[in-house]
Amino acid sequence: MRSLTMVPDAVRSLVLMFCLSVLVTGCASKPEPEPVVDSSAEAGELARQAWQAQQQGKTEEALARYRQAFNLDPGNAMTANNLALLLREQGRFGEAASMLRKGLEHSPDTEELHYNLAIISELYLLDLDTALRHYRRYSELADAEGKQVAGWIADLERRVE
């Protein structure tokens with residue numbers, strides 16, 4: 001067995017260069033983890049600005065700020081709900097339902113999101129199966145044994161069958 005000292009300098013240099021290239025390539029192939037950024041404060045400020053714009057009748061500005069806030073903090077159910085309700089007011093029912101679904105992806109136990117998705121699905125999109133599913137979930141979450149919601153559920157069950 002030969003030791004590295006007995007190997008010619010040119011071969012030893014090639015071996016060292018190969019080892020260095022493997023080391024460098026191995027390091028370069030592992031991306032740095034993305035830093036975790038808490039943008040909830042910024043999202044909260046954007047949502048506050050959106051609410052103010054909405055109160056002043058600046059609908060497009062409010063929509064833009066709500067969208068920015070939601071993109072920064074999709075777990076904020078109130079932002080998703082407010083954006084969806086503003087879209088509903090504009091007659092953009094499909095977009096409103098889509099926003100509520102996205103909100104539910106991040107906040108599946110938020111009763112208001114289920115309630116509003118049920119209403120939009122029933123009254124505007126005529127999607128009775130979706131409406132029934134979300135009224136039922138709303139009733140579970142809100143622990144609502146109220147006659148009104150129970151009546152809506154019973155009515156939808158009759159219409160779906």
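Analyst: First, the ground rules. This is a predicted model, in which local features need pLDDT of at least 70, side-chain atom pairs count only at pLDDT 80 or more, and totals for chains, interfaces and linings use all residues. Residues are numbered from 1 along each chain as its sequence is written, and side-chain values use heavy atoms, with hydrogens and water left out.

User: What span does helix H4 reach, and what is expected?

Analyst: Helices are DSSP runs of H or I with at least four residues, numbered from the N terminus. The expected span is 1.5 Å times one less than the number of residues. H4 covers residues 77-89, 13 residues, and reaches 18 Å from its first C-alpha to its last, close to the expected 18 Å.

User: What lies at the ends of H4?

Analyst: A polar contact is a pair of N or O atoms within 3.5 Å; within protein, one must be able to donate a hydrogen and the other to accept it, and residues adjacent in sequence count only if both atoms are side-chain atoms. Asn76 caps the N-terminal end of H4, with a side-chain oxygen 3.0 Å from the backbone nitrogen of Met78. After H4 comes Gly91, with a positive phi near 80 degrees.

User: Why does Ser107 count as buried?

Analyst: Buried means under 20% relative accessible area, exposed over 50%, and partly exposed in between (1.4 Å probe, protein chains only). Ser107 has 9% relative accessibility, so it counts as buried. Ser107 sits in the loop between H5 and H6. Contact means heavy atoms within 4.5 Å; leaving aside neighbours within four places in sequence, Ser107 contacts Gly75, Ala77 and Leu113.

User: Where is Ser39, and what does its side chain reach?

Analyst: Ser39 lies in the loop between helix H1 (9-28) and helix H2 (40-55). Its side chain reaches the backbone oxygen of Leu72 at 3.1 Å. Ser39 is buried because its relative accessibility is 16%.

User: Which residues have the most contacts inside the largest nonpolar core?

Analyst: A nonpolar core is a set of buried Ala, Val, Leu, Ile, Met, Phe, Trp, Tyr and Cys residues joined through side-chain atoms within 4.5 Å. The largest has 20 residues, and Tyr66, Leu83, Met99, Leu100 and Leu113 have the most contacts inside it. H4 gives the most to this core, with six residues. Beyond its neighbours within four places in sequence, Leu83 contacts Leu63, Tyr66, Arg67 and Met99. A second, separate core of ten residues includes Leu128, Leu132, Tyr138 and Ile153.

Conventions:
Helices (H or I, at least four residues) and strands (E, at least two) are DSSP runs, numbered from the N terminus.
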